[in-house]
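Trainee: Please take a close look at the backbone of this model, at the turns and at the strands beside them. How does each piece sit in its surroundings?

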Amino acid sequence: MRIQQHRRYLMCRPEHFTVSYRINPWMEPTRPTDTDRALSQWQALYDTYLDLGHEVELIDPVQGLPDMVYTANGGFIVDGRALGVKFRVDERRGEEQPFMDWFDAHGFEVVRPDAVQEGEGDFLLVGDTILGGSGFRSSTESHREIGEVFERDVVTLTLVDPRFYHLDTAIAVLDPVEGPGGVERANIAYLPSAFDAASRRVLEERYPDAVLVSDDDGAVFGLNAASDGLNVFHSPRATGFAAQLRERGYNAVAVDLSELLLGGGGIKCCTLELRGRA
Ligand code: ARG
């Protein structure tokens, strides 16, 4: 039986969403975007979380920072401590301070990073281990730094396909939480072809029971999913992944963020988890 865990998320309304530059292969600045459509799709995700009893905090969008809707890149938070980010891409560096200011104003202990990394886009907490992505955005030095900041093991994984440039586009954490007796269930879903051979071996060894997702489902951003341990929020286009989830006893909840995919982001990108003090 799957048990729903309570989540507290940070989201940002895509009021200024557009695609005016290209920092990943999904972005095509000459193709028009529809901000109202982005807003209504985003609202559906927000409402879905609230309807299921989760808490969602909001950070004010900033004009001129169209990617701020992808709050997963704003930091990484465990035990009430928030590590800020240092973007690889200049276009998003203006987001660093507003996110750190928000964490500070909401009672989190803020740690300013030294190394280049893009927050929960490239760091995923699975049980008590942090999986760290590298290859496109976050540096491997940042993996060492985050391990020190949170006193947790960090497993470095190398991404090789430019379409899957952040770790959260290639791995979905299904059961992220520790129970009273330690990690009770911690499993993931992933897209094997997004990783180099060494990283694939690490994943096979650590997660023998993982959900292996097809290239077709990966190509529609199926892995960019959020989970509360029971409900897995995923793209409606990832039909094979949804079936795999149902077979495993999860509740597959489809939410369409196709407009936000024009910026190269999906459900998980728009969702930053705020993990408080235990
Ligand atoms: N346009 C954004 C970028 O390339 C999309 C970020 C997606 N976020 C994520 N967590 N994968 O930075």
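Mentor: A residue is called buried if 20 or more other C-beta atoms lie within 10 Å of its own, exposed if 12 or fewer do, and partly exposed in between, with C-beta atoms placed from the backbone. This is a predicted model, in which local features need pLDDT of at least 70 and side-chain atom pairs count only at pLDDT 80 or more, while totals for chains, interfaces and linings use all residues. Residues are numbered from 1 along each chain as its sequence is written.

Glu 151 has 9 other C-beta atoms within 10 Å, so Glu 151 is exposed. Its phi is near 50 degrees, a positive value in a residue other than glycine. Glu 151 sits in the loop between α3 (140–150) and β8 (154–158). Such helices (H or I, at least four residues) and strands (E, at least two) are DSSP runs, numbered from the N terminus.

Phe 221 also has a positive phi without being glycine, here near 65 degrees. The loop that holds Phe 221 runs between α5 (215–219) and β14 (226–227). Phe 221 is buried, because 27 other C-beta atoms lie within 10 Å.

Next, the hairpin. β6 and β7 form a hairpin with two residues between them, and Gly 127 in the turn has a positive phi of about 60 degrees. Strand β6 (residues 123–126) pairs with strand β7 (residues 129–134) in the antiparallel sense over four bridges; two strands count as paired if DSSP finds at least two bridges between them. Within this pairing, Leu 124 has Leu 131 of β7 as its bridge partner. From β6, Phe 123 and Leu 125 point one way, Leu 124 and Val 126 the other way, and all are buried.

Strands of a sheet pair through backbone hydrogen bonds, either parallel or antiparallel. An open sheet of three strands has the order β9-β12-β13, with mixed pairing. β9 (171–173) and β13 (211–212) stand at the edges with a single partner strand each, so one side of each has no neighbour in the sheet. β9 pairs with strand β12 (residues 188–190) in the antiparallel sense over three bridges.

Last, the ligand. It is surrounded by 16 residues, the closest being Ala 72, Gly 121, His 166, Gly 265 and Cys 269; a residue counts as near if its C-beta atom, placed from the backbone, lies within 6 Å.
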